[in-house]
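The sequence and structure are shown first.

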Amino acid sequence: MDVIRLIQNRHYVPSLEMLTRIVELCPDDLWDDKSQGPPLWQIVYHTLAGSWVWFRPVGSPFQEPPLGEEIAELKTVPAECLSKEEVLLFAEEVRERADSFFAAVGGKLTEPCWFINKVTNMDIVLCQVRHIQHHVGYLNRLMSEVGIPVPWQEATIE
């Protein structure tokens, strides 16, 4: 297994799995609760949208996330919510994009990212891990407040 795949499996994948575990464990009454700002599902969507944008296929132009920038950037809280199944399908799409990105950058971690050369490929990877973990911490607090803590996802060290 190459170095980038090891990094992906140690850090990015467990972070993403923690996020999807929140979706799976989230009680229905918390899923679309807008009483304290954007609902939980939208924060998960926002988190996934970051990876969806940054891990886009090599050579492809920028595209807004499927629900658009306003929803992805938490600027607008939509009246309708995505179902857990829809969010988990989006998470799988994001994972596939990440897999493709990791395969494409291979051993080029310290090289400039193909679409924004002021940062390296490793910067993109680490930024996404940080972004996911930031929101996982917040969402875990929300879940803990209703008695459902999300267990830490262990990484496999090879």
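The model is predicted. Helix α3 covers residues 40-54. Its 15 residues reach 22 Å from the first C-alpha to the last, close to the 21 Å expected at 1.5 Å a residue. Of those 15 residues, 14 are buried, and α3 is thus mostly covered.

| Helix pair | Axis distance | Angle |
|---|---|---|
| α3 and α5 | within 9 Å | roughly 25° |
| α3 and α6 | 10 Å | about 175° |
| α5 and α6 | within 11 Å | roughly 155° |

**α3 with α5**

Helix α5 spans residues 84-105. An angle under 35 degrees counts as roughly parallel, and the axes of α3 and α5 cross at roughly 25°; the two helices are therefore roughly parallel to each other. The crossing of α3 past α5 is left-handed. On the α3 side the contact is made by V44, Y45, L48, A49, S51, W52 and W54, and on the α5 side by V87, F90, A91, E93, V94, R97 and F101. Sorted by class, this contact has 11 nonpolar residues, 1 polar residue and 2 charged residues.

**α3 with α6**

Helix α6 runs over residues 121-145 and packs against α3 at an angle of about 175°. This makes α3 roughly antiparallel to α6. From α3, the residues in contact are L40, I43, V44, H46, T47, G50, S51 and W54; from α6, they are I124, Q128, H131, I132, H135, Y138, L139, L142 and M143. The contact of α3 with α6 comprises 10 nonpolar and 7 polar residues, with no charged ones.

**α5 with α6**

The axes of α5 and α6 cross at roughly 155°, which makes α5 roughly antiparallel to α6. Their crossing is left-handed. F101, F102 and V105 of α5 meet N121, I124 and V125 of α6. By class, this contact has 5 nonpolar residues, 1 polar residue and no charged residues.

Terms used. Residues numbered from 1 in each chain as written. Predicted model: local features only at pLDDT ≥ 70, side-chain atom pairs only at ≥ 80, totals over all residues. Heavy atoms only, no water. Axes fitted to C-alpha atoms, helices over the stretch in contact; angles between N-to-C directions. Helix = DSSP H or I, 4+ residues; strand = E, 2+ residues; numbered from the N terminus. Parallel < 35°, antiparallel > 145°, perpendicular 65-115°, else oblique. Left-handed = near helix turned anticlockwise from the far one by under 90°. Contact = heavy atoms within 4.5 Å. Nonpolar A, V, L, I, M, F, W, Y, C, P; charged D, E, K, R; others polar. Expected span 1.5 Å × (residues − 1). Buried < 20%, exposed > 50% of the residue type's maximum accessible area, 1.4 Å probe, protein only.
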